[in-house]
Amino acid sequence: MRDGLSPNGTTGTGSGLTGTALSTLFHPRQLSDSWRGAQRFKLIELQLEKERDQLPLWVPVALGCGIASWYVLANPAWWLAFVSLCGGLGLFALMTGRDTRAGKAIFWFALLAAMGCALIWFRSWSVAAPVLERPVVTTFNAGIERVEPVLARDMVRLTLRTGEYPGLPPRVRVNVPLEKADPDLQDGALIQLRARLMPPAMPALPGAYDFSERAWFQGLGATGQALGEITILRPANPAFALSRYRQSLSAHVQSRMSGAAGAIGATLATGDRGAIDEVDAEAMRRSGLAHLLSISGLHVTAVVGAIYLLVLKSLALSPALALRFRLPIVAAACAALAAVAYTLMTGAQVPTIRACVAALLVLVALMMGRSAITLRMVAAGAMFVLIFWPESLVGPSFQLSFAAVTAIIALHEHPRIKALVMLREEHLLRRVGRFVFSLFLTGLVVEIALMPIALYHFHKAGIYGALANIVAIPLTTFVIMPLEALALMLDSAGLGAPIWWLCEQALGGLIALAHFVSSRPGAVTMLPSMPALAFGLVIFAGLWICLWRERWRYLGLIPAIIGVLLIITNRAPDIYITGDGRHVAIRNDQGELAMLRTSGGDFIRDMIRENAGVEGESLALEDWSDAACNGDACVVTLTGGDREWVLLATRSSHHISALALSAACRRADIVVSDRWLPSSCQPRWIKADRHLLSRVGGMTVDLEKQKISTALAWTGRHAWTRYDSGGAGERKADARKTDVRKADQ
């Protein structure tokens with residue numbers, strides 16, 4: 001009997017309730033059919049169909065989203081939740097849209113994001129190594145793993161393997177004064193030394209550079225300074241001669257060219273940046289030419305291109321070889337060997353390896369007769385790096401290099417730009433003008449692409465870099481590097497002196513250009529630490545604009561504008577407190593900065609200025625208006641949020657009676673100290689003493705919004721963070737309070 005309520009006319013076997021219940025069942029394809037019927041979904045499906053060739057470019061983006069989520073969430077429970085969410089989203093997309101391009105795209109994006117999170121999770125676990133708990137001074141034996149001369153700072157940096165030495169991490173890094181650096185300190189040597197070792201430094205402020213994260217993935221458990229003489233127990237094996245040859249080549253280049261020219265020439269030949277003076281390095285950074293000092297895509301491309309053309313043109317002179325062999329394949333193979341050799345010679349750093357892989361992909365494409373310089377090549381290189389070094393995603397090197405290459409290729413793949421810069425038969429002046437305009441436009445786009453990354457990591461970015469690179473890039477690629485290579489070849493016959501002179505003059509011109517551009521008014525834009533949300537919006541917008549081809553790419557301008565507005569309207573904090581409590585800085589709305597301590601700690605003071613977005617020297621706190629200081633402490637009155645705030649900061653190790661300290665604390669809103677303050681010290685708002693700072697790290701305070709940011713909140717509790725969870729800190733605080741009470745009695 002039919003009850004008239006069963007779906008599809010099914011027969012009811014019971015009461016009407018059964019038939020009613022059956023009628024509420026979904027048709028197996030009901031939800032997906034409703035999605036397909038939606039007009040917006042049809043438009044998205046049509047757009048994705050047009051962009052089907054671009055979809056593979058989002059594979060490294062999906063992996064990167066998973067890696068970035070792992071960094072942001074910073075908790076195993078949240079990582080599992082993220083992977084589960086991605087799995088659920090992927091299954092939902094597969095079940096409801098398996099026959100649609102949008103459903104498949106969502107499925108693969110979710111799956112790859114989950115894989116990215118799992119990949120960095122596994123990587124962090126696989127490189128885990130013991131980390132030194134507290135500073136120690138000890139004598140130990142170690143094998144030298146890497147030698148890095150840093151001549152500009154008169155030292156040599158050694159990466160050492162300590163083996164199973166009790167109480168020490170298996171891998172440490174030690175700085176050795178240059179006068180104590182024996183020439184026999186080479187890779188593979190076994191030495192005995194006395195050193196002061198410390199745990200890898202954590203960020204001193206929210207958003208500051210986190211060396212502990214880098215050290216974790218490098219396997220470094222401690223860093224320090226060598227004390228006294230170093231004894232060589234076993235010299236280096238000749239099998240490790242590559243590093244020695246690299247050092248001797250660097251010394252040879254510096255002996256042939258004097259001063260800054262020799263230092264930068266050694267960098268181009270061997271990747272050794274240790275001899276570059278800080279003044280010259282800062283000028284290169286401010287002028288937007290710092291990329292020339294990092295052996296990466298530009299340098300590897302110059303070497304590969306030169307070898308490829310040299311071999312191809314030389315072999316083509318022989319008709320017999322040209323007729324019997326495919327010379328482009330032979331030239332590409334020689335160029336590939338040159339790329340690998342140059343990578344090894346320059347120390348095989350991750351940026352150089354990344355550029356080498358990209359160059360090899362280009363050469364393979366040339367052998368196959370395919371288009372070489374494409375966004376797919378960039379995506380393949382990014383995939384390679386993220387699979388083997390997923391932690392590089394959050395570093396400036398990865399972001400800057402891939403952002404620059406992606407922006408360049410996306411620009412020149414645009415039909416209008418391609419038609420504008422295409423070579424054609426025309427007057428020489430017009431051809432030169434077209435080339436210069438193309439170079440300027442490329443530099444301008446690269447500067448726009450790199451500016452948010454530079455501001456996020458370094459809090460400053462150059463403005464005139466596009467103009468400077470019009471001269472610097474051709475000068476380096478077509479003049480300096482070929483001259484240096486030719487001079488090295490002629491040195492084998494003792495004929496390189498004239499070429500070295502020409503190379504020195506060219507390098508001198510490059511350095512003069514850097515100093516001229518960096519000294520121009522407004523050459524550098526400085527901003528305080530930007531919100532991570534703003535940075536994420538700008539990066540997403542850039543990817544959206546570069547990776548799509550259809551007109552909907554311009555929708556990326558919406559998150560870009562929102563991100564830029566967040567960056568521009570971001571207000572710098574009023575108070576900066578480092579994680580050790582020793583350094584305190586206050587900033588006003590006019591961009592003036594005053595610091596509690598002005599002697600010692602140049603690195604910390606420079607870091608505070610960069611985070612605050614302040615260029616130039618800072619004042620001493622005692623010279624600040626509304627500040628009263630003595631040998632033990634400073635009291636400052638600040639205005640923010642329509643009220644006045646009183647800041648008390650200690651700056652000596654002298655004993656202060658608990659009674660006087662308690663009275664001063666009651667008159668203050670914020671108290672900052674590198675000591676353990678007694679419980680009787682009760683300010684009206686914040687007591688940032690050693691007890692609190694050991695648990696949350698450095699702090700910044702926005703008085704107008706009454707907002708406190710901490711280094712712990714910025715980084716999260718990852719494996720490399722060593723913030724006190726409470727127990728040990730509480731015991732130390734109790735012991736310190738007891739000592740204070742006894743001293744007062």
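User: Where is Ala 283 placed?
Analyst: In this predicted model, Ala 283 belongs to helix H10, residues 278-286.

User: Why is Ala 283 called buried?
Analyst: Its relative accessible area is 4%. Buried means under 20%, so Ala 283 qualifies.

User: Which residues does Ala 283 touch, leaving out those up to four places away in sequence?
Analyst: Ala 514, His 515 and Ser 518. A touch here requires heavy atoms within 4.5 Å. Ala 283 and His 515 are 232 residues apart in sequence, yet their C-alpha atoms are 5.3 Å apart.

User: What makes the pair Trp 79 and Trp 121 edge-to-face?
Analyst: Two values decide it. The ring centres are 5.0 Å apart, and pairing needs centres within 6.5 Å. The planes stand at 65°, and over 60 degrees counts as edge-to-face. Therefore Trp 79 and Trp 121 form an edge-to-face pair.

User: What does the pair tie together?
Analyst: Parts that are 42 residues apart in sequence, because Trp 79 lies in helix H5 (residues 76-97) and Trp 121 in helix H6 (residues 101-126).

User: Buried or exposed: how is Trp 79 classed, and why is Trp 121 called partly exposed?
Analyst: Trp 79 has 7% relative accessibility, so it counts as buried. Trp 121 has 27% relative accessibility.

User: Why is the pair Trp 544 and Trp 548 edge-to-face?
Analyst: The centres lie 5.6 Å apart and the planes make 80°, so this pair is edge-to-face. Both Trp 544 and Trp 548 are buried.

User: How many aromatic pairs does the structure hold, and which residues do ring pairs link into a cluster?
Analyst: There are 20 aromatic pairs. Ring pairs join Trp 70, Tyr 71, Trp 79, Trp 121, Phe 217 and Trp 720 into a cluster.

User: What lies over the face of Trp 645?
Analyst: Arg 643, at 3.8 Å from the ring centre. The distance cut-off for a charge over a ring is 6 Å.

User: Why are H9 and H19 called roughly perpendicular?
Analyst: Start with the angle. The axes of helix H9 (residues 259-270) and helix H19 (residues 465-491) cross at roughly 80° and come within 11 Å. Roughly perpendicular covers 65 to 115 degrees, so H9 and H19 fall in that class.

User: Which residues meet between H9 and H19?
Analyst: From H9, Gly 265, Ala 266, Leu 268 and Ala 269. From H19, Ile 480, Met 481 and Glu 484.

User: How do you know that E12 and E13 pair?
Analyst: Count the bridges. Pairing takes at least two. Strand E12 (residues 627-629) and strand E13 (residues 633-639) have three, in the antiparallel sense. Cys 629 stands opposite Cys 634 in E13. The two strands form a hairpin with three residues between them.

User: How many bridges join E13 and E14?
Analyst: Seven, again antiparallel, with E14 spanning residues 644-650. Thr 637 has Val 646 in E14 as its bridge partner. E13 and E14 also form a hairpin, with four residues between them. In that turn, Gly 641 has a positive phi of about 65°.

User: In what order do the five strands close into a barrel?
Analyst: E1-E2-E3-E5-E4, with mixed pairing. Neighbouring strands of this sheet are turned by 50° against each other on average, direction ignored. Eight bridges join antiparallel E4 (residues 190-198) and E5 (residues 222-234).

Methods:
Residues are numbered from 1 along each chain as its sequence is written. This is a predicted model: local features need pLDDT of at least 70, side-chain atom pairs count only at pLDDT 80 or more; totals for chains, interfaces and linings use all residues. Side-chain values use heavy atoms; hydrogens and water are left out. Axes are lines fitted to C-alpha atoms, for helices over the stretch in contact, and angles run from 0 to 180 degrees between N-to-C directions. Rings of Phe, Tyr and Trp (its six-membered ring) pair if their centres lie within 6.5 Å; planes under 30 degrees apart count as stacked, over 60 as edge-to-face and the rest as tilted. Buried means under 20% relative accessible area, exposed over 50%, partly exposed in between (1.4 Å probe, protein chains only). A charge sits over a ring if NZ of Lys or CZ of Arg is within 6 Å of the ring centre and within 35 degrees of the ring normal. Angles under 35 degrees count as roughly parallel, over 145 as roughly antiparallel, 65 to 115 as roughly perpendicular and the rest as oblique.
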